[in-house]
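Subject: Structure for your files

Hello,

Here is the structure you are taking over. My notes on it follow below.

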Amino acid sequence: MKTITTTAELADACKKCAEHPYVTVDTEFLRETTYWPKLCLIQMASPDDAFLIDPLAEGLDLAPFFELMADENVTKVFHAGRQDIEIIYHMGNLIPSPMFDSQVAAMVCGFGDSISYDQLVQRLTGTRLDKSHRYTDWSRRPLTEKQLTYALADVTHLRDVYHALHANLDEQNRSEWVQEEMKILTSPDTYYTAPVNAWKRMKLRIRKPREFAALKMLAAWRESEAQSRDVPRNRILKDEAIFELAIHQPKTPEALTALRSISKGYERSKAGQDLLQLMHEVADIPATELPDVPKGKNQPEGSGAAVDLMKVLLKLVSERHGVAAKVIATVDDLEKIACDDDADVAALKGWRKELFGQYALRIKRGEMALRLEGKRVGTIECDPPELPAQSKNGKRSGKSRKAKQPETSS
């Protein structure tokens with residue numbers, strides 16, 4: 001099986017792919033010892049051809065590939081393409097456009113949350129894929145015929161998956177739903193963490209403003225170091241060490257090395273000196289300029305029960321309409337809806353509101369109830385309770401609520 005190793009061969013392959021309405025794309029990479037993924041192999045297929053590209057080949061220029069990724073006349077089809085797109089964004093400074101992700105489409109079409117590629121291929125085509133080379137070291141050369149065959153299958157079968165999902169979406173009028181879900185994958189913010197925002201990746205375990213200021217500065221320093229040296233964040237400094245530094249804020253080499261999470265001798269390194277300098281800068285911040293510590297979620301009393309009810313409703317709607325629950329609403333959405341009828345969440349907008357959001361609000365207000373229908377959960381509409389009627393003996397008798405089948409009932 002021939003692999004493309006020259007720029008001329010790559011340009012010819014990309015030219016052929018550009019003659020078609022779509023191209024399927026996948027990559028093999030390593031990132032265990034690096035911050036940025038190390039690209040080791042590119043697979044792509046048009047309706048007529050399939051190609052393997054060796055980005056590690058000496059002298060190979062990937063410019064033709066990046067031009068194809070930017071070609072607005074060719075749809076780029078990925079499966080769970082976030083990391084593939086991250087590589088293209090980092091190396092080519094672009095996000096493929098237009099783009100289609102079969103995992104996202106599969107969730108919209110009712111194949112569950114985050115279905116794997118081999119499961120999707122089997123369900124749509126009946127083909128069982130060999131996944132024995134999933135953990136291959138793709139940086140080794142030469143790659144075997146079995147490894148190359150395995151890699152190529154990731155894009156050749158994706159053609160059939162793409163056709164099947166595309167037809168399913170058209171039939172159900174859900175193509176626009178997929179485009180809405182693709183906004184995260186097409187945003188540059190998804191693939192780059194600005195050092196100033198690195199603290200947001202961490203679970204806050206601090207309470208004081210100066211500790212929070214230290215945490216932000218330490219996280220930003222670590223992110224910058226990891227990016228510039230191309231090593232994983234934890235190779236620079238572990239989360240545990242950042243929290244300990246933020247709380248104790250050592251300002252001398254002796255205080256730094258006394259921390260449990262800092263190894264002996266670290267205080268003599270350049271990194272150790274950088275940390276001490278940061279701690280002095282934190283100490284010099286005027287109290288009036290310290291950042292406010294983000295507050296945790298304070299849910300109103302009773303909102304937890306409302307969220308629980310909405311989770312049941314979400315499962316019901318998901319199963320009834322064949323859409324993955326997490327595409328319709330997240331737990332964060334439900335928590336915000338429980339606190340605010342006008343919450344600015346996706347679940348209360350567009351097709352999600354029509355499918356789920358409007359009914360979530362009615363469940364919350366008591367205008368709709370859940371009930372068991374055999375072994376399944378169903379819903380009933382609830383009229384407002386009426387005043388008790390006057391009985392013959394002068395006592396008032398209660399009047400039960402009326403119930404009718406809601407629009408969401410099957």
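What share of the contacts in the protein chain with a separation of 6 or more is between residues 24 or more positions apart? The share is 61%, where contact means heavy atoms within 4.5 Å.

Some ground rules before the rest. This is a predicted model, in which local features need pLDDT of at least 70 and side-chain atom pairs count only at pLDDT 80 or more, while totals for chains, interfaces and linings use all residues. Residues are numbered from 1 along each chain as its sequence is written, and side-chain values use heavy atoms, with hydrogens and water left out.

Overall form

The protein chain has 16 helices and 10 strands. These are DSSP runs numbered from the N terminus, with helices being H or I of at least four residues and strands E of at least two. The radius of gyration is 28 Å, well over the 22 Å that the globule rule gives for 410 residues, so the chain is more spread out than a compact globule. That radius is taken over C-alpha atoms, and the rule is 2.2 Å times the number of residues to the power 0.38. Along the principal axes, the C-alpha atoms fill a box of roughly 100 × 65 × 35 Å. Of the 410 residues, 47% are buried; buried means under 20% relative accessible area, exposed over 50%, and partly exposed in between (1.4 Å probe, protein chains only).

Largest pocket

The largest pocket holds about 770 Å³ of space. It is lined by 28 residues, and the closest to its centre are Asp-26, Thr-27, Glu-28, Phe-29 and Arg-134. Two or more lining residues come from each of β1 (22–30), α3 (82–92), α5 (117–125) and α6 (145–172), and β1 gives the most, with six. By class, the lining has 10 nonpolar, seven polar and 11 charged residues. Here Ala, Val, Leu, Ile, Met, Phe, Trp, Tyr, Cys and Pro count as nonpolar, Asp, Glu, Lys and Arg as charged, and the others, Gly among them, as polar. A pocket is an open set of points on a 1 Å grid over the protein atoms alone, where a 1.4 Å probe fits, with protein on both sides within 12 Å along at least five of seven lines; lining residues have an atom within 4 Å of a point. Points are joined across faces, edges and corners, and the volume is the space filled by probe spheres set on them.

Backbone points to check by eye

Most residues other than glycine have a negative phi, and most peptide bonds are trans. A cis peptide bond joins Ser-97 and Pro-98, with omega about -10 degrees; Pro-98 is in the loop between α3 and β5 (99–101). Asn-93, in that loop between α3 and β5, has a positive phi of about 55 degrees and is exposed at 63% relative accessibility. Another cis bond joins Arg-141 and Pro-142, with omega about 0 degrees, and Pro-142 lies in the loop between α5 and α6. Asp-230 has a positive phi near 55 degrees.

In α15 (residues 331–339), the buried residues are Asp-333, Leu-334, Glu-335, Ile-337 and Ala-338, and they pack against α13 (303–321) and α16 (350–365). UniProt lists residues 208–289 as "domain: HRDC" in an unreviewed entry. Its positions are in the numbering used here, feature names are shortened, and annotations may be inferred rather than shown by experiment. That span is 66% helix and 0% strand, with its end C-alpha atoms 13 Å apart.

Regards
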